[in-house]
Amino acid sequence: MVLGETRKAVSQLRRGTLEFCVLALLRDGERYGFDLVRSLSEVDGLVTSEGTIYPLLTRLRKEQLVTTYWRESGAGPPRRYYQLTDAGRAALDDFAVEWIRFRDAVDRLLDVNVDSEGDGDRHED
Amino acid sequence: MSIRKGMVTAMKTNQIVTEYLHRLHDASSALPSQRRTELLSEILTHIDDALCAAGGNDDVTILNVLERLGPPEDIAAAALGESAPMSAPVAAAVAVPRRGFARVALVVLAVGFVVPIIGWMIGAVLVAASDAWSIREKVLGLVIGPLVMIALTPMLTLAVGPGASFGTLEILVLVWGFAGLFSALYLSLRLRQTHVLAL
C-alpha cells in the first residue's frame, strides 16, 4: 500500500518533469528522435517505456517549445531532428529555477524528519 | 544504404514487429488518423534505428527493442493523453451540460403548448442558445414545425368545421402547439445523429 503510494508519487513527478528533461537534452543542440529517446531512457528511473516519449515530443512540438525538421541521414531514411525554440529555452530556464527551489525545500523537509527521528532510535540495517 | 534498406524490409516482414505494430494500430484507433499514422511511422523508425544500433535483427534483439519501447497499449494511451489535455477537459466541461441544456430546450419546445405561444418562444430561445445544433439545424428545426402546421391549418379548419366553437385564437394555439412538437422531434433526431458518441 505504502509502496504503491510511493510509486504513484514518483510516477507523477516523473511525468511532470520528463518534458523538461527533453528540453534540457536539447539545450546544447539538435538531436534526432531515436538519439533523444535513448539518452532519456538511459537515465535511471526516468523512462519505463521508450515509446511513450514520442507522443510527448509531439506535444512539445505543438506547444512550439521545440521545432523539428527532416534531414537526410547518410544511410537509410531521413531523420526527424528536434531543436529547442526560444520559448522552449525560456521554459527550461524557468523550470530550472523552480526545480532547484522545490528540490531544496523537499530535501530540507526530508532531512529534518531524518534528524528528528534520528540519533536515538534510528534503525540502520 | 543497402544494409539499412535490407534491415527495414526484414523488419517489416518480421512477424514479431508486424504483430507489435498491429497492436499499436488497434490501440490507437481513437487518435486522429494523421496523428495515428505519424505515431506508427515514428515507432517503426525507432525500431529500425534501434536494430541498427544493436547491429542485428534476430528475434532476441527485436524482442529486446520492443521490450524497451513498452506495450503498444501504453504508447497509444500516452498519445491519447498528450492530445487530450487541450481538448478533453474542455469537451467534457462543455459537452455534458451542453447536452443537458439541449434536452431541456427540447422538452420546453415540445410541451410549450401548455403555455400557448410563450412556451414555444421560450423553447425556441433555448434551442437558439444551445450549441448542440448547427445554425442550419436550428433554423430548419424552428421553421419546420410552424411551416408544417401553417400548411395543415386550412385542413384543420375544414376538419373542425365552420360550425365548431373554435375561434382563430384556439386554432393558433393548437397549431403552434403541434409546431413545437414537430420542431422538437426534428431537433432530437438531429441531436441523436450527430452526437451519438457524446452519450
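This is a predicted model: local features need pLDDT of at least 70, side-chain atom pairs count only at pLDDT 80 or more; totals for chains, interfaces and linings use all residues.
Now colour chain B by element. On the side that touches chain A, the elements giving two or more residues are α3, α4 (59-69) and α5 (72-110) of chain B. Of these, α3(B) gives the most, with 10 residues. By residue class, this side of chain B divides into 10 nonpolar, 2 polar and 9 charged.

You will have 21 residues of chain B against 25 residues of chain A. Chain B and chain A bury about 2,000 Å² between them, with 53% of it on carbon and sulfur atoms.

Next, look for the charged pairs. The interface of chain B and chain A holds 6 salt bridges. One to zoom in on is B:Arg68 with A:Glu50, where the closest N and O atoms are 3.0 Å apart.

B:His46 lies in helix α3 of chain B. Is B:His46 buried or exposed? With a relative accessible area of 1%, it is buried. Its side chain makes a polar contact of 2.6 Å with the side chain of A:Tyr54.

From A:Tyr54, move along its own helix, α3(A), residues 53-62. Here 8 of the 10 residues are buried, so the helix is largely enclosed by the rest of the structure. To see them, select A:Ile53, A:Tyr54, A:Pro55, A:Leu56, A:Leu57, A:Thr58, A:Arg59 and A:Leu60. Just after α3(A), stop at A:Gln64 and check the backbone: A:Gln64 takes a positive phi of about 60°.

In soluble globular proteins, nonpolar side chains tend to be buried together. The largest core here has 43 residues, and A:Val22, A:Leu23, B:Leu39, B:Ile43 and B:Ile47 touch the most other members. Helix α3 (residues 33-54) of chain B gives the most to this core, with 7 residues. For a last stop, pick out another core lying apart from the largest one. This one has 14 residues, including B:Ala102, B:Trp120, B:Ala132 and B:Ala184.

Definitions and conventions:
Residues are numbered from 1 along each chain as its sequence is written. Chains are lettered from A and ligands numbered from 1 in the order in which they are written. Side-chain values use heavy atoms; hydrogens and water are left out. A nonpolar core is a set of buried Ala, Val, Leu, Ile, Met, Phe, Trp, Tyr and Cys residues joined through side-chain atoms within 4.5 Å. Buried means under 20% relative accessible area, exposed over 50%, partly exposed in between (1.4 Å probe, protein chains only). Helices (H or I, at least four residues) and strands (E, at least two) are DSSP runs, numbered from the N terminus. Contact means heavy atoms within 4.5 Å. Buried area is the accessible area (1.4 Å probe) that two parts lose on being put together, summed over both. A salt bridge is a side-chain nitrogen of Lys or Arg within 4 Å of a carboxyl oxygen of Asp or Glu. Ala, Val, Leu, Ile, Met, Phe, Trp, Tyr, Cys and Pro count as nonpolar, Asp, Glu, Lys and Arg as charged, and the others, Gly among them, as polar. A polar contact is a pair of N or O atoms within 3.5 Å; within protein, one must be able to donate a hydrogen and the other to accept it, and residues adjacent in sequence count only if both atoms are side-chain atoms.
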